[in-house]
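Subject: Structure for you to look through

Dear colleague,

Here is the structure I promised to hand over, with the sequence alongside. Please open it first, and then read the notes below with the model in view.

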Amino acid sequence: MGSKKKRRAPTGPRVVPQPEPAAWDPRREKAAVWGFGALLALATSLPYLIAWASAAPGEVFTGIAFNSTDTNQYLAWIRDGARGEVIFTNRYTPEPTPPAFFVPFFLVLGWISRLTGLPAVAVFHGARVLLVPALVRVVHWFSGLFLASTRDRFLATGLAVTMGGLGLPLHALGVSFGDKLMEMPIDFWVPEAFVFQTLYTYPHLVLATALMLLAIGHAKQALAASARRRVALSWASAFGLALVHPFDLVPVYAVMIAFGAMALAREPVAWKRIVATLAIIGIASAPPAIAQLALLESSPGLEGFFAQNRQTVLGAAQFALGMGLPLLAAPVLLLFGLAARRGSSGAIAQPLAHLCLVLALVFLSSFDLRRRFLMGIDVPLAIVLAWSLRACLDALRANGRAAAGAAFAFILLCAPGSALKMAHDHETQLAADAKPRARYYHTGPQRDLYAFLGEKSTAADVTLTDPITGNELPAYADTRVFVGHWAYTRDYRDKVREWNALKDPASGAAMLGNLVTRHGITFVALVRARDRESRLEALLRGRPDLEPVFENAAGVIFRVTFKP
């Protein structure tokens, strides 16, 4: 008998693949997500709480920490809703204009303000705090449509709601990007491109991001199988989005069409159902956006509004630096992940198409509103990153603890830009000793000045005041203003020049009479902190046709008695 050959033992250490951790109970997983959302609601409220606590004696924090110009507009709409308007008029220009803004979100907040007696800014932040956990839950649900593992869903959600850009960290290290805001990386000035910044700033954008993800997610499910309920839910979400933030319908429709094309490639025989699904969702959800556009185009004086939305200042460097490490890491991790899974893109084909399509809309299309298409872009980016990171960790045979540690470390690497956004706003606007601080902190007497106009003025009045006060007044009083918002004041730059001309001793008196005659000025409000040379106050006090009706340490309000 021949001797049996002995098998040679393997020379290297044996690799034992780690089992997938047991799936969480769905209720426990949802509870964890809601808890994480509550923590984020607190984290994004901290800057406001710190600013409120940091008010100097005699100061009142406005409740605004970013972009006071637009936020005052939103607070003015809440006041309009509380007053009973349904379609809001443009109170940032003296010319009479027909109602042009149908904004149901702020209309409902106005009703809540009227019913509860709460000020507009309290209702604004109350809505934001309540919507933060809801958006976190929607992001987690959307991630679950593409990622089967609980761990991957948590990783994608954590990345999507915390990651920030690279511009602010570089700025903190001393890198200068110039003085013009719109030439800086987008993490300085496009909050809707980051879920965290959206949670921190504007409640209507929080709701819009959730509705956008719901519309796309339900459409994905409806396209995969015949499900009328999913079609209805996708339509309802897209319809709500058209009412809240209609700009975002463009990327939503584009992504739905891409998903439809992918479904058609998988199941050509179902083409009638796929086309019908897309047609029903698209056609039935578009009317509110079309009606709003028609309202805006029929209203004179909104040239600045349309000019704002035609700005195309968004370069590749601004975007790349703005999105930062997550965007830079995505291609590398994706290539390694595809190699580890032998070229199979698996469940992330659709999020990858979503991400690439939005980038194409932003950089390759002729749409003038392209920077607005960035809303929620970090959600598909986070899903791609989570899938790719998992594929890489699996290829390295990382055990559960090592994988969790690597994922957490990656989140920490991507998150600094979000924290720095809040710190940057506090440093440059809230903590500044100069001009910016005055937009975010009012004095008690200044609030009394505004309160007087809030009691005495009506929507038929026009108040002549400086551009900064003009931006604030509609949030506290019903009056229209001569100048106040560069996107809503007709001929904004001309009006700023006319206001400045009032301070000229040679031409000020004639200019004042001209403005009163042309625009039907009924009040003149002077905030002394914004007339440091007191030249304008001297001119106004010398006019017999101006009657001082309120005065305190902050300034003086004149009623115009001159009749043209």
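**Aspartate 478 and its partners**

The side chain of aspartate 478 makes a polar contact with the side chain of arginine 83, at 3.1 Å, and another with the side chain of arginine 79, at 2.8 Å. Please bear in mind as you read that this is a predicted model. Aspartate 478 sits in the loop between helix H22 (467–472) and strand E4 (480–481). Is this residue buried or exposed? Its relative accessibility is 13%, and because buried means under 20%, aspartate 478 counts as buried. Not counting residues up to four places away in sequence, aspartate 478 touches Arg79, Arg83, Arg91, Ser457, Thr458 and Ala459.

**Arginine 437**

Which side chain does the side chain of arginine 437 meet in a polar contact? The partner is the side chain of glutamate 59, at 2.6 Å. If neighbours within four places in sequence are left aside, arginine 437 is in contact with Ser54, Ala55, Ala56 and Glu59, and also with Gln429, Leu430, Ala431 and Ala432. Glutamate 427 is 10 residues away from arginine 437 along the chain, and the C-alpha atoms of the two are separated by 9.7 Å.

**The chain as a whole**

Stepping back, you will find 25 helices and seven strands in the chain, whose C-alpha atoms fill a box of roughly 130 × 55 × 40 Å along the principal axes. The chain has 564 residues, of which 52% count as buried. Among contacts between residues at least 6 apart in sequence, 72% join residues that are at least 24 apart.

In soluble globular proteins, nonpolar side chains tend to be buried together. In this model the largest nonpolar core has 139 residues, and those with the most contacts inside it are Phe101, Phe106 and Leu159. Helix H8 (residues 203–224) gives the most to this core, contributing 12 residues. There is also a second, separate core of 19 residues, which includes Val483, Val524, Leu536 and Val556.

**Two pairs of helices**

Helix H2 (residues 68–83) packs against helix H4 (residues 120–144) at an angle of about 105 degrees, with their axes 9 Å apart. The two helices H2 and H4 are therefore roughly perpendicular to each other, because angles of 65 to 115 degrees count as such. On the H2 side the residues that meet H4 are Thr71, Tyr74, Leu75 and Ile78, and their counterparts in H4 are Ala120, Val121 and Phe124. By class, this contact has six nonpolar residues, one polar residue and no charged ones.

The other pair is helix H14 (residues 316–323) and helix H15 (residues 325–340), which pack at about 90 degrees with their axes 5 Å apart. That angle makes H14 roughly perpendicular to H15. Here Phe319, Ala320 and Met323 in H14 meet Leu325, Pro326 and Leu327 in H15, and the contact has six nonpolar residues, with no polar and no charged ones.

With best wishes

Methods:
Residues numbered from 1 in each chain as written. Predicted model: local features only at pLDDT ≥ 70, side-chain atom pairs only at ≥ 80, totals over all residues. Heavy atoms only, no water. Core = buried A, V, L, I, M, F, W, Y, C linked by side-chain atoms within 4.5 Å. Buried < 20%, exposed > 50% of the residue type's maximum accessible area, 1.4 Å probe, protein only. Helix = DSSP H or I, 4+ residues; strand = E, 2+ residues; numbered from the N terminus. Axes fitted to C-alpha atoms, helices over the stretch in contact; angles between N-to-C directions. Parallel < 35°, antiparallel > 145°, perpendicular 65-115°, else oblique. Contact = heavy atoms within 4.5 Å. Nonpolar A, V, L, I, M, F, W, Y, C, P; charged D, E, K, R; others polar. Polar contact = N/O pair within 3.5 Å; in protein donor to acceptor, adjacent residues only side chain to side chain.
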